[in-house]
Amino acid sequence: MIAFTLNGKAVSVEAPPERRLTDLLRLDLGLTGTKVGCEAGDCGACTVLIDERQVCACMVPAAQADGSAIVTVEGLAPAGEISALQRAFHRHGAAQCGICTPGMLMAAEDLLRRNPAPSEAETLDALGGVLCRCTGYRKIVEAISDVAANRPDAVAPAVGDAVGARIGRVDGIRKLDGTERFGDDVAPEDALWLRAVRSPHARATFTLGELAPLHAKYPGLVRVFTAKDVPGNNGFGIYPTVKDQPVLADGQVRYRGEAVVALVGDRATIETIRDDEVPIQWQAQTPLIGCAAATAPGAPVLHANLPDNILIKGRVARGDVERELAAAHVTAEAEFETSFVEHAYIEPEAGFARRVGDRIEMMAVTQQPVAHRDEIAQVLGVAPDRVRLTATAVGGGFGGKLDLSLHPLIAIAAWHLDRPVRCVYRRPESMASTTKRHPAHVKGRWGADKDGRLVAIDFHGDFNTGAYASWGPTVANRVPVHASGPYAVKTARATSRAIHTNEPPAGAFRGFGVPQAAVLHEYLMDRLADQLGMDRLEFRLVNAIRVGDATATGQVLTHSAGLAKCLEELRPHWKRLRAEAAEQNRRTGNGHGGNGHAVIRRGVGIGCMWYGIGNTSMSNPSTMRIGISAEGKVTLYNGAVDIGQGSTTILQQIAADALRIPVDRIQQIVGDTDLTADAGKTSASRQTLVSGKAVEIAALDLREKVLRLTNAGPEGRIAIDGPVLRVQDGDATRTLELRTMAAQGSDGDVLTGHGRFDPPTTPLDENGQGVPYATYGFAAQICDLEVDVALGTVKLRRFVAAHDVGRAINPMLVEGQIHGGIAQGIGLALMEEYIPGRTENLHDYLIPTIGDVPPIDIILVEDREPVGPFGAKGIGEPALVPTAPAILGAIRDATGAVVRKIPALPHRVREAIKLAQGGTQP
Amino acid sequence: MGYLRPTSVDEAVGALAASPAGGSGWVVLAGGTDHYPARVGPRAAEDILDISRVAGLRGVAETDSGWRIGALTTWTEVIEADLPPLFDGLKLAAREVGGVQIQNRGTVAGNLCNASPAADGIPPLLSLDAMIELASAKGTRRLKLAEFIQGNRRTARRSDELVTAIHLPRPANAAKGDFLKLGARKYLVISIVMAAGVIERTADRKVAAARIAVGACSAAAQRLSALEQALAGQPLDTNLRALVTEMHLAPLAPIDDVRGSAGYRLDCALTIVRRLVDRLAS
């Protein structure tokens, strides 16, 4: 018996002594507020206090809990009233997805209990052991510095003022008190556990042996599922015509981490059976690693229908590139290579499924419930309406949860066994098996005239799309459209290829290939400016695409092209930081870091971006519904999954102002395929624009119905008091007795507004000409940094980020997106490199910690987009795209070093510095 | 399988002397911060000897000949201990052992027993001339740390032995320690290169003795004895850094891995050792 004090109360529990404390808390004691991210002390999500010290519960044996006093996130608000620390997090938007939040809170609690007024350095040290992938940490630091002030929450905005208000997340409190339910927090107690056995080989064939001995050895093993147990199509994929990835491999595997069989049984059994006990006879083959190997003559073919291993090619062409470049006053050319990047959301994939009659009901992580429902249905071989998928809270997605992961596995198991089946990926499994950012080889040649105007761009990118198609086609389409960067250029040729290899499937990751292309175009912009003797910012400003200019696809921008304004806003910061850097470098001299001197060179770089919001030349509608019940409850039926970015809050703010009622009068049902309509994917930065517009239309529709029923004019003010709805119109008050009205549809609402929006686009022709997006986000970011010339290490000092978001529906959440995007951009630029088999954990694969994200100044430019709700566009991906170019530009500015292979790890920076010092100009 | 929580060293070494029936021997567990990360995913049950309750193994104490760090002493206890500047390097290294959560739980002795080539604790303890105290049913013995660490995750601990303490001799002269680490991010980072050192100084400001160790550049961290000899007797106010040459790095044998190339490691080791010597001399 293990006895201890838990959140002030004595508990005793019978459990295996070596059980991890995380499992003891979550499974034995039912306290799921403590999260599990890695089970290796790398992420800190499981941080609790033991005897007044922060520790990772995942590394504490249950036996050692005996006699101790433990505090978990549930203990921070014992009386139900959240603490000053939690309130500060809420007020500052310090929690986004919320998966790291319990760990962050406990680390902060540890700090504040011994040091109520910590310095920033003390805060960073105390929280250095907790990783966050969403926030970029800055709002967490702000919140902790503001705890002592214990300010009240912001006053709720007046009716009509919700849009533009910095309100806390409407789902914010439950992310702070441990009650939010993520993928691993929802399964019933009697659920069986599933674990996939995955390929240790990147390319192999295999045969399965007799399973009876395994069953005999492990009575707790209920069933081993193989490819032949898939009732429908043993294939899935993002595109309707490409279902190339097997749920369970059928005799051959194409990447390390591919699922081969699924073990289902009690937890202890599933956790005990090692992969090498499962009778799989492997015949390993030489894998195709990298695009060059896959496109070499005679290379083995991954998919029979693609004999050259090329999944797709993309092309945008306009004008005579050769002629214009030949005539250009200056030209620049370059090549860069980028790496696989892992999403590294702190929440591994998790969920459960059960069979209810002839239906499967699933609760799991997803970024697109309806598409995943349909996908699960075709794997089961049933109609989509026989699958219900309810999205749990998603502990970070960033594109990585747009693909199916455990869903078909638990669906098949629950279908066959007629028992609930749950699954949670281990961190190495999550990293090995799920999609990545495409490694890219990008090259280009650009030219400008003597006045500093771009005359032509030529671009080609090869993208390693891994073993299966996933989102490969999107990268091929989106990249050529964006290859020119956010600049006006009349002549362009941009081509791309997505190439299959025996590497992890590359899928969607914040930017779909555009960040890789931006590394190149921003380098070329710097080189051209330097050759012309122009300031790098001013050269960009001259070429910034503006309203009235045509893009490389021939689309003339008609509204909301705010790059020039962003650059003008940055100009004083640019000049100041450049002057500071020059002065600092002048003082410290031009040393080369020889003889161990700590020679620090400071540099300032700039990156610009544009990003089409929504799918590329494809219909991507969102459908929303908002209703009023007989009891006066206003419900938004919202199919848009909030993966931490805040769409639930944003959409509620839009609904409130369109309906003109207080924002806190609205409740929501989110992401349930039985209850909400298809809002499309939480991807492509589209939910504010597309779902936001659909919500606005739905709310206006509802408002119009109310006004019509009450014969009120367009300015009527709606007030709902329980079952009585009143409309004040001038001096007249009109009343609707809601209980007397007939309920409509399955929701039981008596009044319903409907909205659907699909952003207007046109198909691209064979030269990529057309209108791929209804609108674009624009941004420019400045990075100020120092390089240790002798070691090649980079210390970031500051970012200044100017973003044209059309309209900031909630400026606090927009800032949070920019902070988080910059943090991921820092990772992309400086440290993140996924190598199968070598960096399948969060200590060999590095993402930025709280000490790696410097102060960020944000300038919001609001150049209204008439297509969007209240003028808004999108921010999710735009936040990340310019960051790496700004960092790499600043490294060049500081040292002359051109890092050709990204990430710019210290050894690559050092190598590039040596090359630059050797007199070889890049 | 068994899980034993002895409360005395005798009880613990008694258990170690008799291998558990049917198993592959006891796995010793203290803070758990290396144990659990090595056990992510399915695995067979093990016999675990949890020594966290063994009396007398916790804390840092001054002794007649120097200092004793009990085997269960955590890194946080090292950071918070009242220790002279000799230990500044060890304290800096302690702050680099994972996050605060790990420093609160992980033990100094565990870091040594895990014997990672990149263990943050090993170079500073080498520079402190650490001796490792091992107990078994047959008695106790002491080994120099450099003898105790035998390679990548290999130590001289016999399966019937328990590390009970780390002993650090008191230097004959005033001494100062320091530590420098190179990694690709700020927190929670495995070293690409690290260096720790102690310089003892004479009253007339000369190097009485120098002990310099480099980690993450060979299977086990190495002392740079040629450099130590070169530094001995030198005036502190001269440009000591200039004495450090590539020849002094001869004991190092770095590898290429995901964190950096072998060549880069040697390049940085030179820079970092020079900076370390600079700081130690100031």
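## How buried is chain B?

Let's start with what is tucked away: of the 282 residues in chain B, 54% are buried. Keep in mind that this is a predicted model.

Contacts tell a related story. Take the contacts in chain B with a separation of 6 or more: 64% of them join residues 24 or more positions apart.

## Overall build of chain B

What is chain B made of? Its secondary structure comes to 9 helices and 14 strands. The radius of gyration of chain B is 19 Å, close to the 19 Å given by the globule rule for 282 residues, so chain B is as compact as a globular protein of that length.

## Domains of chain B

## Domains of chain A

Over in chain A, the assignment gives domain 1 (1–172), domain 2 (192–287 + 347–395 + 401–433), domain 3 (556–615 + 773–917) and domain 4 (622–757). Two of these, domain 3 of chain A and domain 4 of chain A, have C-alpha centres separated by 39 Å.

Those two domains also touch: 20 residues of domain 3 of chain A are in contact with 17 residues of domain 4 of chain A. On the domain 3 side of this meeting in chain A, the residues are 9 nonpolar, 9 polar and 2 charged.

Note on methods: Residues are numbered from 1 along each chain as its sequence is written. Chains are lettered from A and ligands numbered from 1 in the order in which they are written. This is a predicted model: local features need pLDDT of at least 70, side-chain atom pairs count only at pLDDT 80 or more; totals for chains, interfaces and linings use all residues. Helices (H or I, at least four residues) and strands (E, at least two) are DSSP runs, numbered from the N terminus. The radius of gyration is taken over C-alpha atoms; the globule rule is 2.2 Å times the number of residues to the power 0.38. A residue is buried if 20 or more other C-beta atoms lie within 10 Å of its own, exposed if 12 or fewer, and partly exposed in between; C-beta atoms are placed from the backbone. Two residues are in contact if their C-beta atoms, placed from the backbone, lie within 7 Å. Domain bounds come from an automatic or database domain assignment. Ala, Val, Leu, Ile, Met, Phe, Trp, Tyr, Cys and Pro count as nonpolar, Asp, Glu, Lys and Arg as charged, and the others, Gly among them, as polar.
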